[in-house]
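Biologist: Could we go through this structure together? I would like to begin with the core and then turn to the chain contacts.

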Amino acid sequence: MTSRAARQGLPVTGTGCITAVGRNLDENLAGLFAGLRRMGPSARVRSTHEVRYPVFEVDGSVLPEGYAEGPECLRCGGLALVAAREAIQSACLLAADLKRRRVGVCIGTTVGSAMNNETFYRGFRDGKRPDMDAIAGFLQANPSSVVARELELNGPCQTVTNACSSGTVAVGQAAEWIRAGICDIAIAGGADALCRTVYNGFAALQIMDKEPVRPFDARRCGLNLGEGAGLLVLESAASQAARGVPAVGRLVGYGNACDAFHISAPHPDGDGLRTAIETAMQQAGLASSDLAFINAHGTGTPENDRVEGQLYPDLLPDVPFLSTKGYTGHTLGASGGVEAAFSLACLNAGMLPASIGFAEPDPGFPGRPVRTNTPITGAAALSSSLAFGGNNAVIVLAKGERA
Amino acid sequence: MKDKLKQVIIDGLNLEDLTPADIGDDDALFGEGLGLDSLDAVELVILVQKHFGVAIKDMKEGQAAFQSVNTLATYIAEHRQA
Amino acid sequence: MSTRFPIHGVGLVGGFGSGRDALLAAIRQGGAEPSTVEVRRDDRVVEIPAYLADPAPLREYVPRSALRRVDRFSRLAMLGICQALDGVEADRDRLGLIVGTGYGALTTTFKFLDTVIEEGDALASPIMFSNSVHSAALSNASICLGIRGPGLTVSQFELSVHSALLSACQWLAQGVVDAVVCGGVDEYHPVVGYCRDRFFADANQGPVAPLDFARQSAVVGEGAGFLLIGRDDGTKPAYGYLETVQSGWLGAETPAFAADAACIVGADGHSQCGTLYERHVPPQLPVAAYASAYGSFPAAPALDLAIAAIGVGQGSLPVCPGGHRSASVADRGVDLVGRSVSVLKIDRDERYSLARFSP
């Protein structure tokens, strides 16, 4: 990778991540390289489906006070706060630093913005007088607002609700704020929580697997839901230089394009994904030979994995790829943020974890994810997210100075 | 039962301009013909369970049953006993 | 870098009907005539006014067969988007789409919960779930209209649309798109009416008096508003230019009003935010508030932004009905020839966003 391309990107100075695998990024990485799959029937989300679909659930004891109880949307804010605090600390930023600067917050979510509290709605339907706490909770729950409020930040606030591409989009959008000089620092990524309505919805669509998820495997038949948060601290070059903090990595490219095809199935040829990848790579000034790996969306659904498994060998030949959703489940709005944090960590570690859950290649497409922990030497990676309804978002990340 | 099935399909999938008379018993429901797609298919599974009490556990079974009103009616009749 | 973005089209739907002329007519008449909705209060039913929108005119743009699975939330948005695009050539591969929404697809979300509650978890509707996500409006619009550029759905309650507008400016400035359709949509639902009644009881009866800042007088509404925004190529646009979008926190900074001729404030009869407008807008700056034409809902600022664009396009802001502030636009309208107008929204956390339009 050319040094010119490396300089073009925006510094990432901090990362934070919480998933079923671990409460912080180090725990997550250790779990990935150890092949840890912490899934099972949900302790919190109950349903009367015959099948108890496995989920990847976070240990709620780490959530800040007030965020574990109450409506599910509030849990997202709590998860975002945990990841935000880790990210800020890893960026060597103190509360006083944050107040002195313009700091934006851009967080992707699905559940964090959803008014679907069943307890409240049942009470409403039954003609009772339901407690308004669920509504008050919803009005306080917007994840970007939660982080901005708790950390007393003065800068733009945006919660992205692009369904499954939200986290990746949020990282790309926050970078645009910094480039435009609207803020010097931004906290960006995604946060999402397990939720009964979402669980029932995916069950109705028949795209959840009752077995542990098998991304890209010939026998795959759906996703497992997960929850968590992954956030990056993005900074202007000037701000980073002034603070003298080494970069965890750099964001060098962002692409966003719509399939305009179907409300719940991806474009069969991956048209929107192709456009998003081309845009991101062009912005990064990179060729596919510069990529160490692709962190695929890889949900484990028949259609999604087929589209990616067909496209990557064609558009980015010989680039290793994996899905990390075998470790975390599909964390919906959080996935882009979680996967960005993972990608940077893997680049710096010079190692990819196995694309866990994959065993048997699918003869229907040429792509084969990495089967074992794999050393890598490249300095850049691509992370992609494909959303329900056809939005495709891609970011390109480069290695940092903290390898 | 076929007329009820046609009405369930029309109402459940919001085929506003159609009446049961417009759907031939052997007309293709998916692809050409009525033009339903994969999302309609999973909705149809729910509609069949709700209105006829028959569960389609496997979408491969579903695909064969969903060819036409005739094939679906036959499937329902066969599985209704239980 | 002083980049400005031409506004080529507007799309508007709400309690006033649909389209620019319907909105201006309602404003001239002193407001739109609200409908009446029923709200349960314990064991009885009360009636409250509500500015309800009708997406039926969407049929003039999109055939009914294409709307088979498209719900009301998406249809309201699509009507606004189609109007904004009407009569303008736009390369759909280079067209971005940004939708702001505070509450998302309420009707479908609660219908989905109805199926879960009445029929059981196993009989939940997959089509309804697909339409219940906030991004469904954008997805449906993108699919029906073949829009393949970047897409973004923003949910930030009453700052959703301003936040969307900020992102639109970035996409245009960077040249990743040639144009963006940007705006917002929100629906009324009986749950919203019920919550308003629990919070505000008889104060929901209206009429809305938005410039009476300390009084709770908000009337609930629904609707959609969109702008078609392009890149400056020297040709004069129909609706003036978007100059800037600023956002921040009033706890740390004051909005910069510059030499604006007037400010359209997002006061909609909610006194909690109303007092914030009174505190933070300089007293000598004429203010206008048009909530009597469309009511109170999180995406309503989309309509304020459209009025600002219409205003700079025609050279004057419409007379603002029913204000009492001495420097209000109430009596005269405001001459905008050569002057800019700003559009301000403040939320309960005292975060603000200010958009500026100029001829």
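This is a predicted model: local features need pLDDT of at least 70, side-chain atom pairs count only at pLDDT 80 or more; totals for chains, interfaces and linings use all residues.

Biologist: How many residues does the largest nonpolar core have, and which have the most contacts inside it?

Modeller: The largest nonpolar core comprises 284 residues, and A:Ala80 and A:Ala186 have the most contacts inside it. Helix H3 of chain A, residues 72–90, supplies the largest share of this core, with 11 residues.

Biologist: Which residues does A:Ala80 touch, leaving aside those up to four places away in sequence?

Modeller: Not counting those, A:Ala80 touches A:Ile107, A:Pro143, A:Val146, A:Val147, A:Ala191, A:Ala229 and A:Leu231.

Biologist: Turning to the contacts, how many residues do chain C and chain A each give where they touch?

Modeller: Chain C gives 57 residues and chain A gives 55. On the side of chain C that touches chain A, several elements give two or more residues, including helix H6 (160–174) and strand S10 (241–249) of chain C. H3(C) gives the most to that side, with seven residues.

Biologist: What is the make-up of that side of chain C by class?

Modeller: The side of chain C that touches chain A has 27 nonpolar, 21 polar and nine charged residues.

Biologist: And what about chain B against chain A?

Modeller: That contact takes five residues from chain B and six residues from chain A. Helix H2 of chain B, residues 38–52, provides the largest share of the chain B side, four residues. By class, that side has four nonpolar, one polar and no charged residues.

Biologist: A change of topic: is H9(C) mostly covered or exposed?

Modeller: H9(C) is mostly covered, with 13 of its 14 residues buried. This helix of chain C runs over residues 301–314 and reaches 20 Å from its first C-alpha to its last, close to the 20 Å expected at 1.5 Å a residue. Just after H9(C), C:Gly315 takes a positive phi of about 90°.

Biologist: Which residues have a positive phi although they are not glycines?

Modeller: Among them are A:Ala260, with a phi of about 50°, and C:Phe157, also with a phi of about 50°. A:Ala260 lies in the loop between strand S8 (249–258) and helix H11 (271–284) of chain A, and C:Phe157 lies in the loop between S6 and H6 of chain C.

Biologist: Is A:Ala260 buried or exposed?

Modeller: A:Ala260 is buried, with 24 other C-beta atoms within 10 Å. C:Phe157 is buried, with 24 other C-beta atoms within 10 Å.

Biologist: Where is there a cis peptide bond?

Modeller: A cis peptide bond joins C:Gly206 and C:Pro207, with omega about -5°. C:Pro207 lies in the loop between H7 and strand S8 (220–221) of chain C.

How values were computed. Residues are numbered from 1 along each chain as its sequence is written. Chains are lettered from A and ligands numbered from 1 in the order in which they are written. A nonpolar core is a set of buried Ala, Val, Leu, Ile, Met, Phe, Trp, Tyr and Cys residues joined through C-beta atoms within 7 Å. A residue is buried if 20 or more other C-beta atoms lie within 10 Å of its own, exposed if 12 or fewer, and partly exposed in between; C-beta atoms are placed from the backbone. Two residues are in contact if their C-beta atoms, placed from the backbone, lie within 7 Å. Ala, Val, Leu, Ile, Met, Phe, Trp, Tyr, Cys and Pro count as nonpolar, Asp, Glu, Lys and Arg as charged, and the others, Gly among them, as polar. The expected span of a helix is 1.5 Å times one less than its number of residues.
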